[in-house]
Amino acid sequence: MQELQYPFDSRYIIKKKKSIKRQLLEQDINFIDKKIAILGGSTTHDIMMIMELFLLDQGIRPTFYECEYAQYWEDVMFDNPELVEFKPDIIYIHTSNRNIRQYPALAMSAEEVDAMLDADYDHFLKLWGKIENTYHCPIIQNNFEYPFYRLLGNADATDIHGRVSYINRLNERFAAYAREHKDFFIQDINYLSATYGLDKWSDPLYWHMYKYSLSMEAIPALAFNVSNIIKSIYGKNKKALALDLDNTLWGGIVGDDGVEGIEIGPETSMGQVYSEFQEYLKQQKDIGVILNICSKNEEENAIAGLNHPDGVIRPDDCIVIKANWDPKSKNLADTAAELNLLPESFVFVDDNPAEREIVRTQLNVVSPEIGSVEDYIRVIDHSGFFEVTNLSADDAKRNEMYKENAKRAQLEASFDNYGDYLVSLEMKGTIRGFEPIYMDRIAQLSNKSNQFNLTTRRYTRAEIEEIAGSDEYLDIYGKLEDKFGDNGVVSVVIGHKNGEILDMDLWIMSCRVLKRDMEFAMMDGLVHKAKAAGIKTIKGYYYPTAKNKMVKDFYALMGFTLVNEDDEGNRTWEFVIPDEYENKNSYIEVIN
Amino acid sequence: MSREEIYTRLNEVFRDVFDRDDITVSDETTAADVEGWDSLIHITLMDAVEEEFDIRFDMKTVVKMKNVGEMVDYIIANT
């Protein structure tokens, strides 16, 4: 919903939240359901209400548990039965500097201040440890916003007795904890309150009147931000950018003004602002965002513009370049298809409001109101499309991988026989039980895969680790390399044992290795492992979603028999393991 | 702005916040007269009224306000 996209009108959202919620629920979306416990150190009611709107807009339908006023610590530490019963998928701890129980007095020695800091930190440390052991779920924790007054003025930040200094030190401890704990995420309200304006954020009226730690109007900013962390945890980040060129990546129109006439580079103010924007976009590659061009231009002119001597983004940085006169909605849809991505995984960036509107209405693709060129970075950045919660080594290499895919496509075109092409790829697969170094990637893949996904079950890293450590499960990951490069972990299969039957919980594969025989190699690996574990029959399940039609008949292809299909299209398949099983994969050399 | 004009706009605000088209408030209306007007929605309501009339209620005013009439008095005095 456009009203919930950054930059949003907070007061409109506050006023209309009831009718906005109604509209969101009326949309035809396949929501994922999540249970979210909000444990607050102050009032959280409107935070919950407005979080719900942003989450619904991200395709997540939350059920909430809200602790009694300011009981965030007691609820966890004393096992409030309601919270235990609720079994949260995520715990959000909304605390603020109002919850810091003590601050240094001016007379204190450095040692005394350190001891106080230890005690304040320990209060939270115990809480997080207890949550980790009891709930095994991701934790989102606010750090602290700055105090709204400074007794020592500027020295408040440098003197160890200053509250600013104290909060900085506590925040650094929180950050250090986050670095060492996988399912723990800091919501940086220190930064959020700064961008919002600290005086407006911490308006004391809201604390003294209603026990809100922040002003009503700041709540949408807080709620939007936390919803971004949550959607990122559940794999709902955007994956790619589709960028316009003229007046978006540079000033002017390359077709009219010529390459030498466009504004980019250090010579003029306008050139500089476009350079900074291009640098910002190029950095997105490092976190795994795929860059593409979608421009109404002659291709020759588009490429020439991207090769401008002062430019930052080069044709080589982009995976798909569509520069022609077709409607942008068509170009974007084609780009998505070429990359095996869904259009909704894209963010479309264009200075022209009419183009944005077409892409939004035709493809339901997000296209931010980016404003004037000096606003571009802020709007895209604060929108949180690519919120990082789990940066894996694969993310940094993603653009490379897509580039390698483009080379594979070229090679494929040069063979008459598809089998010959597969042979020429010299593929090597690794198919093994889950291993510690891949836990992140396995969890990430389970959250990101929508199309090649039989059951659409999502797993956190903690759950993946539990499965890997248990004898009741059969778990396999598959990694695929070929002569163009390493695709990394691309497929994951999980089943749980039920006597001599193996019930398949999950079968997923990254679409970038479709039609490479990897699914057959995984089937072979599964059968061999199942056999070794004394399994006689494998039962496969297909649960339809809006996105996974491509695997409707997947189990038939693997040699399973359909045993049941209900009214909703849920299918149950069975595979009786034969005494002599013949491997289905013949193109991938498998290393076990 | 006349009292009448204020009421026209104020009723719109109430209808938006409560998401109900049948609400009409008057000088004597208090929280007890409107279904769902609890302390939580009250905060939203105050914010929405502030926005509508481009005013700010200070704490002293909020604490004292007894009914919608007093709210309207404050709006008249501050716009």
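Q: Is the crossing of helix 3 of chain A and helix 11 of chain A right-handed or left-handed?
A: Helix 3 of chain A passes helix 11 of chain A in a right-handed crossing. Keep in mind that this is a predicted model.

Q: At roughly what angle do the axes of these two helices cross?
A: Roughly 50°. The axes of helix 3 (residues 45-57) and helix 11 (residues 219-233) of chain A come within 8 Å. Helix 3 of chain A and helix 11 of chain A are therefore oblique to each other.

Q: Which residues make that contact?
A: Helix 3 of chain A gives D46(A), I47(A), I50(A), M51(A), F54(A) and L55(A). From helix 11 of chain A, the residues include P220(A), L222(A), F224(A) and I230(A).

Q: How does the contact divide by class?
A: The contact of helix 3 with helix 11 of chain A has 12 nonpolar residues, one polar and one charged.

Q: New topic. How many residues do chain A and chain B put into their contact?
A: Chain A gives 14 residues and chain B gives 11.

Q: Which element gives the largest share on the side of chain A?
A: Helix 10 of chain A, with four residues. Helix 1 (10-15), helix 2 (17-26) and helix 3 of chain A are among the elements that give two or more.

Q: And what classes are those residues of chain A?
A: Five are nonpolar, three polar and six charged.

Q: What about domains in chain A?
A: Chain A is divided into domain 1 (2-233), domain 2 (240-383) and domain 3 (415-591).

Q: How many residues are in contact between domain 1 and domain 3 of chain A?
A: Six residues of domain 1 touch five of domain 3 in chain A. The centres of these two domains are 39 Å apart, taken over C-alpha atoms.

Technical notes. Residues are numbered from 1 along each chain as its sequence is written. Chains are lettered from A and ligands numbered from 1 in the order in which they are written. This is a predicted model: local features need pLDDT of at least 70, side-chain atom pairs count only at pLDDT 80 or more; totals for chains, interfaces and linings use all residues. Axes are lines fitted to C-alpha atoms, for helices over the stretch in contact, and angles run from 0 to 180 degrees between N-to-C directions. Angles under 35 degrees count as roughly parallel, over 145 as roughly antiparallel, 65 to 115 as roughly perpendicular and the rest as oblique. A crossing is left-handed if the near helix is turned anticlockwise from the far one by less than a right angle, and right-handed if clockwise. Two residues are in contact if their C-beta atoms, placed from the backbone, lie within 7 Å. Ala, Val, Leu, Ile, Met, Phe, Trp, Tyr, Cys and Pro count as nonpolar, Asp, Glu, Lys and Arg as charged, and the others, Gly among them, as polar. Domain bounds come from an automatic or database domain assignment.
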